[in-house]
Amino acid sequence: MAQYDVIVIGAGPGGYVAAIRCAQLGLKTACVEGRDTLGGTCLNVGCIPSKALLHASHQLHEAEHNFAAMGLKGKAPSVDWKQMLSYKDDVIGQNTKGIEFLFKKNKIDWLKGWGSIPEAGKVKVADDIHEAKNIIIASGSEAASVPGAEVEIDERIVVTSTGALDLPKIPKKMIVIGAGVIGLEMGSVYARLGTEVEVIEYLDAITPGMDAEVQRSLQKLLAKQGLKFTLGAAVSKVETGRNKAAVTYTLRKDDTEHTAEADVVLVATGRKPFVDGLGLDALGIEMTKRGQIATDAQWRTNLPGIYAIGDVIEGPMLAHKAEDEGMACAEVIAGKHGHVNYGVIPGVIYTWPEVASIGATEQQLKEEGRSYKAGKFSFMGNARAKAVFAGEGFVKLLVDKETDRVLGCHIIGPSAGDLIHEICVAMEFGASAEDVALTCHAHPTFSEAVREAALACGDGAIHA
């Protein structure tokens, strides 16, 4: 019977980062993973492969729409779908092999198989029992079904994001159920590749929870790229036959029923914690009403020595949130002070243009009765953005009216996912808009738009 200081269940971003940090802190560590490769959903069938396809399809879009204007002439490239998937798989392989190398470097044992917890202090993998002073549950999440609807996933015609990343051919028409991050990203990929894409969303706006002005702008820009949106629609069933699928939905505004057909239906209605097979019920692990593992401020469950992080606990289901929790939880176990600032966790949508946000939205500030100022700057005033055909979008900075302290930021535009981190750092240190405005930004860069938005919170932007 092997004995460890820590066994981590799950080798996704939260799990493998927790394992590496535990090993760095001198703890004998093992990580349980049932996939053939490390990295979890994110590296294998989520964040990383989707970004590869987003990048490839964006290059095609650039060639078709902007190359001629730049003097790059000739026949537009055609799509070799098999090669594009091979490129995507190569990207996955490079990343998962990198995690395997880090495990060997940090002397972390990979316990191959699916784990369960028969009792506190023990983890079962296949027929083997391993002892651990501490156990971290980082088993991630899985695709959620459509609430109240009859939908059978076959990963061929009716697919989750996993199936959408590996379709045998580019469909003529795709219906995406759900206008959240996954649905819009994958819908963008196929729209660029020539697929007719219709997005059906239950709510009256896309990207639930995002700043309303950004929601409206993103929908308009994606519609210009060919995506069709049917909002306020409750899907009741999805039927398949003759290599097609029919989606039945009811428009909530007038209760009329409609049916739409497609070659592929992508179910992108969110994710739910993956805890099946862990034995949590028998253990008596406390769960929330939403099926998440209940933890305290230091990621402890109600059973001593058992912790949980990432998608299985409360909070946004984001890889970087899980990574932060993984590092902090490892530090708590090692007797140090682990901390995660949940008020400064950015969210990004990798469409074109990208969308990124941090902190409060205008709607939240209004609902709370907060006194605030909004500084806004369009990328049309940014020289670098105009030079690369990326002038659509804006930066909006929200600050306290009295103290000028940054409360939130919302960006739709080029490299938004990278630009947002300037404001993440500013918020982490309690900076004001003036602090950002007084910081010299290199010219010409996209980041100047962030500074201009900060200036707009004071006397006014220069280039607006």
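User: Where is Glu-155 found?
Analyst: Glu-155 is in the loop between strand 7 (141–143) and strand 8 (158–159). Strands here are DSSP runs of E with at least two residues, helices are runs of H or I with at least four, and both are numbered from the N terminus. This is a predicted model, where local features need pLDDT of at least 70, side-chain atom pairs count only at pLDDT 80 or more, and totals for chains, interfaces and linings use all residues. Residues are numbered from 1 along each chain as its sequence is written, and side-chain values use heavy atoms, with hydrogens and water left out.

User: What's the phi of Glu-155?
Analyst: Near 55°, a positive value in a residue other than glycine. Most residues other than glycine have a negative phi.

User: How accessible is Ala-126?
Analyst: Ala-126 has a relative accessible area of 55%, so it counts as exposed. Glu-155, at 35%, is partly exposed. The cut-offs are under 20% for buried, over 50% for exposed and partly exposed in between, using a 1.4 Å probe and protein chains only.

User: OK, prolines. What is the peptide bond from Trp-352 to Pro-353 like?
Analyst: That bond is cis, with omega near 0°. Pro-353 sits in the loop between strand 18 and strand 19. The bond from His-443 to Pro-444 is cis as well, again with omega near 0°, and Pro-444 is in the loop between helix 13 (433–437) and helix 14.

User: You mentioned strand 18. What is the strand order in the sheet of five?
Analyst: The order is 18-19-22-21-20, in an open sheet with antiparallel pairing. Two strands pair if DSSP finds at least two bridges between them. Strand 18 (347–349) and strand 20 (372–378) are the edges, each pairing on one side only. On average, neighbouring strands are turned by 10° against each other, direction ignored.

User: How many bridges between strand 20 and strand 21?
Analyst: Seven, with strand 21 covering residues 394–400. Ser-378 stands opposite Phe-394 there.

User: Which strands does helix 7 lie across?
Analyst: Helix 7 (residues 212–224) lies across strands 18, 19, 20, 21 and 22, and runs at about 5° to strand 22. Helix 14 (residues 448–456) lies across strands 20, 21 and 22, at about 140° to strand 20. Contact means heavy atoms within 4.5 Å. For the angles, axes are lines fitted to C-alpha atoms, for helices over the stretch in contact, and the values run from 0 to 180 degrees between N-to-C directions.

User: And the sheet of three strands, what's its order?
Analyst: That open sheet runs 12-13-14, with antiparallel pairing. Strand 12 (233–241) and strand 14 (256–262) each have a single partner strand, so one side of each has no neighbour in the sheet. Strand 13 (residues 244–251) and strand 14 are joined by seven bridges, and Leu-251 has Thr-256 as its bridge partner.

User: Switching to cysteines. How many disulfides does the structure hold?
Analyst: One, counting pairs of cysteine sulfur atoms within 2.5 Å. Cys-42 is joined to Cys-47, S to S 2.4 Å. The link of Cys-42 and Cys-47 is left-handed, with -130° about the S-S bond.

User: Is Cys-42 buried or exposed?
Analyst: Buried, because its relative accessibility is 10%. Cys-47 is partly exposed at 29%.

User: Last topic, rings. How many aromatic pairs does a search of the whole structure find?
Analyst: One. Trp-81 and Tyr-190 form a tilted pair, 5.8 Å centre to centre with 55° between the planes. Rings of Phe, Tyr and Trp (its six-membered ring) pair with centres within 6.5 Å; planes under 30 degrees apart are stacked, over 60 edge-to-face, and the rest tilted. Trp-81 is in helix 4 (residues 81–105) and Tyr-190 in helix 6 (residues 181–192), 109 residues apart. Both Trp-81 and Tyr-190 are buried.
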